Amino acid sequence: MGKSLLLRGENGTGKSSLAEAFEFFFTGGLSVFEGKGTQSLSLQKHMPHKNFDKDNVVVAVTFDPGSIALERTFSDQPAPPKQLEDYFQAARRGTFILRRAQILKFVVSVPADRFRAIASILGIERLDNVELEMKRAYEELDGAVCSKRDGIKDTFEQISTLLRKRTTNAKQALDFVNKSLKKAKMTTLRSFDDVDNIEDEMLKTFKKSADFEHVTKLNDVLGKLKLLRVDDEIAGNLHALNKKIGPFLEGNARSELSLTEFLVKGLEAVKDDEKDACPLCGQDVSRQELLKQINERLKTLSQLSDEASEVRQISTETEEKLSSLAGKIEEISEELEPLDELKNKRKKLLGISKSLKKLAGEVNSAGELEGKVPTKAFDQEMTKLEKLVKASAEKCQAMLEKIGVPKDWKSKVQTVSLINQVKSLVGEVAKAKESLKTKEKHSALSKKVYQTFSKVKKAKIKEIYDSITGNVNAFYSMLHPKDAHKNIELNIASGRRASAELKMESFGSKEDPRAFASEGHLDSLGLCIFLAFAKRFNGPCNFIVLDDVVTTIDAQHRGRICKLLSQHFKDYQLLITTHDAVWFEQLCAHQRAFGIDGSFRNMEIVGWTLETGPIIEPYKTRWDRIEARIKSGDKSGAANEARRYLEWVLRKICVAAMARPILKEGRYTVSDLLTPAKERIKKLIKDNDFRERVLKGFQELEATVIMGNLLSHDNPEAENTSTVEVNRFCEAVHELNNTFTCPDCGTLFKYYQDMKRIRCPNSRCKQQIDIACK
Amino acid sequence: MNGQKSVSVEEDIFKEFFRRLGTVKLPSEVINTLKKLWESDRLESKENILKALEEGIENANKHQKH
């Protein structure tokens with residue numbers, strides 16, 4: 001891992017370009033060119049320098065250990081070696097960068113958008129799809145179980161109708177059949193298989209055996225025709241389906257999903273633009289592929305809703321009923337095949353069966369939210385069916401009359417026919433029960449699979465929310481230790497599957513953070529949330545970019561941000577940019593205080609031109625700059641800088657030692673601060689060595705401070721000053737600063753009034769300076 | 001880089017999911033077929049899930065007979 005970088009530069013000098021370069025390198029895009037109102041922006045057009053084009057863009061990054069050099073251009077992406085794959089995988093999401101513009105994104109977004117942002121950070125977008133497919137599998141099996149059960153119930157109802165007695169099981173059916181046989185003075189059955197023996201007996205005695213078969217056939221067909229019923233629920237289901245599907249087709253339900261709205265607009269934009277380029281970033285894409293992906297995503301989002309789930313359930317059930325009815329009509333048609341007189345009717349029945357199968361297909365499509373069902377067509381087919389069944393039954397009856405079965409045989413033939421029908425139905429029930437057992441088992445398993453997945457997913461997301469919340473609270477209380485705002489919570493909103501609520505306790509009540517927190521508080525909350533996510537989810541990518549994120553936060557809290565980063569992110573490689581000189585100095589001071597200055601490079605953008613871009617140089621401390629000026633012979637510059645340095649040092653000493661300069665409005669200058677600082681130190685310090693050193697420092701300063709005055713104004717005497725004299729003044733200022741600064745960590749000393757000691761306030765400092773006071 | 005191998009949230013969820021399936025007495029053959037689907041990135045399909053359940057139950061029945 002390389003060093004962290006702290007970069008200072010004024011606005012417009014290119015600080016953010018560095019952050020953007022890393023974003024482009026790892027993700028291939030730039031988030032500043034995405035989102036609302038960016039239609040006129042194009043990555044390929046607007047990212048390159050004004051004097052160059054996209055083919056000249058190269059971002060090169062070297063990774064250590066191993067000095068692995070990788071590049072990204074518009075046409076090529078970096079190909080990381082195996083040891084860097086996880087790093088790139090994590091960085092690819094782009095969640096390692098925080099910019100000022102994004103800092104409030106999380107805090108002010110709506111719960112559904114917040115959830116989607118979290119899902120994207122966590123990399124769990126796919127899980128919604130998996131859960132949906134498991135739900136659909138369970139619903140399909142459950143629907144099939146319900147249909148099977150209904151089918152068995154229907155079959156027993158048919159048996160009951162035939163036997164004219166309520167029948168709920170096969171044994172009952174056999175008992176009732178035997179009663180009929182006894183009544184007709186025929187042999188009873190031990191099982192339904194015995195009915196073949198009865199038919200054989202009858203064949204032996206009935207004279208016209210061919211006619212007997214014909215008669216039994218006609219009676220069978222007649223019986224089946226009489227039994228054929230259309231399930232009343234089918235028509236009702238079809239209407240219900242159309243009613244529920246309407247809002248989906250009109251897009252009303254979609255508008256509840258804000259992402260759906262965006263995708264619908266995106267779809268229109270892509271359709272209208274005939275070029276093979278992304279309308280957002282201008283990159284080359286396959287338009288057809290993009291359209292396909294947007295449509296698929298829209299489909300998934302629609303299907304996620306509970307309403308869609310209900311539609312699927314009704315559609316599965318109705319599809320089964322229609323297929324079952326079509327099957328029964330086909331069976332009857334098969335029975336009619338040997339009967340030439342009923343050839344036309346058979347053809348028409350087959351036609352209706354075909355229409356019902358087609359309708360079942362349309363019902364399936366309705367379940368997929370692809371279109372409404374033609375209920376009128378169904379009604380027309382049912383009217384046709386009713387007429388056809390009636391006509392066929394009348395024809396069969398007429399044919400029976402023509403054969404002229406003897407009266408005593410009529411009841412026997414009818415009884416045998418009845419038994420055959422009951423036998424067939426009982427056989428159907430047995431098969432259906434076997435099939436039901438299997439389907440019930442499958443359904444129970446698929447229910448367990450779906451429910452378990454749903455529970456685990458929800459619990460895991462909650463666990464993640466809780467762990468993030470823990471860190472957010474820890475970081476936030478570090479920044480605002482005695483605040484009225486605390487106990488931040490991130491929750492899955494109750495009753496909603498994809499929603500994340502953010503709450504904060506303010507003045508005793510839990511509210512949206514925007515209710516009571518100031519802009520600075522919201523900014524620091526946004527920062528804490530970002531850092532908590534980065535810590536939890538960026539995994540192998542321990543690189544964080546903070547691009548000018550402390551604008552609205554005051555100096556005291558900015559100091560605490562320094563402490564937060566130093567304590568909790570010391571194993572991270574940070575790129576921090578700022579225009580704020582004070583925060584920059586604070587961060588440098590904290591690097592020293594925490595002993596991590598060795599792992600930072602502090603740089604400054606000292607200039608910018610269109611041709612060169614930012615001109616970056618190592619940061620020079622104030623003393624470094626003064627020394628450089630003296631070396632270069634710039635006496636005025638050095639003295640001027642030293643004078644400002646002295647004002648700063650004296651101000652710090654007055655604050656640290658609780659000196660009392662004369663109150664005035666406006667800025668305090670050297671003359672306002674020098675005497676009060678000296679007098680206070682004289683009275684305060686007990687330790688003789690330290691006191692002597694300080695007073696000697698003040699003495700030297702008083703002897704040389706005139707240099708600062710002379711060279712800071714337009715003074716003819718300034719020409720006569722020597723570099724040696726100016727250097728002496730500068731060194732006196734620097735020495736005074738060094739006297740009050742910890743030699744180990746560079747922190748300014750602090751006066752602890754209660755203990756009457758001056759000490760280094762950095763608890764980590766090894767030096768443990770301790771100066772006695774009066 | 002700190003050389004750390006990340007277990008993604010998705011992997012974490014699936015690991016726990018397959019473990020829990022064992023505790024709700026799902027036949028191991030069914031769990032294994034579902035696992036194979038996930039490993040081959042084919043779990044986002046109702047048809048695949050239905051097939052996997054069928055296959056898993058068939059295998060479980062075969063093992064029971066033996």
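**Terms and values**

Guide: Of the 774 residues of chain A, 33% count as buried. This is a predicted model, where local features need pLDDT of at least 70, side-chain atom pairs count only at pLDDT 80 or more, and totals for chains, interfaces and linings use all residues. Residues are numbered from 1 along each chain as its sequence is written, while chains are lettered from A and ligands numbered from 1 in the order in which they are written.

Visitor: What makes a residue buried?

Guide: It needs 20 or more other C-beta atoms within 10 Å of its own; 12 or fewer is exposed, in between is partly exposed, and the C-beta atoms are placed from the backbone. In chain A, 33% of the residues count as buried.

Visitor: How many helices and strands does chain A have?

Guide: Chain A has 24 helices and 14 strands. They are DSSP runs numbered from the N terminus: helices are H or I with at least four residues, strands are E with at least two.

Visitor: Why is α16(A) called oblique to α17(A)?

Guide: The axes of α16 (residues 407-479) and α17 (residues 519-537) of chain A come within 8 Å and cross at roughly 135°. Angles under 35 degrees count as roughly parallel, over 145 as roughly antiparallel, 65 to 115 as roughly perpendicular, and the rest as oblique. Therefore α16(A) is oblique to α17(A). The crossing is right-handed.

Visitor: Which residues make the contact?

Guide: Among them are A:Ile468, A:Val472 and A:Phe475 of α16(A), and A:Leu525, A:Ile529 and A:Phe533 of α17(A). Contact requires C-beta atoms, placed from the backbone, within 7 Å. By class, this contact has 11 nonpolar, three polar and two charged residues. Ala, Val, Leu, Ile, Met, Phe, Trp, Tyr, Cys and Pro count as nonpolar, Asp, Glu, Lys and Arg as charged, and the others, Gly among them, as polar.

Visitor: How many residues of chain B are in contact with chain A?

Guide: 27 residues of chain B are in contact with 32 residues of chain A. α1(B) gives the most to that side of chain B, with eight residues. By class, the side has 14 nonpolar, five polar and eight charged residues.

Visitor: What makes β12(A) and β13(A) a pair?

Guide: DSSP must find at least two bridges between two strands. Three bridges join β12(A) to β13 (residues 757-759) of chain A, and the strands run antiparallel. A:Tyr751 stands opposite A:Ile758 in β13(A).

Visitor: Why are β12 and β14 of chain A at the edges?

Guide: The open sheet has the order β12-β13-β14 (chain A). β12 (750-752) and β14 (770-772) each have a single partner strand, so one side of each is left without a neighbour in the sheet.

Definitions and conventions: Axes fitted to C-alpha atoms, helices over the stretch in contact; angles between N-to-C directions. Left-handed = near helix turned anticlockwise from the far one by under 90°. Contact = placed C-beta atoms within 7 Å.
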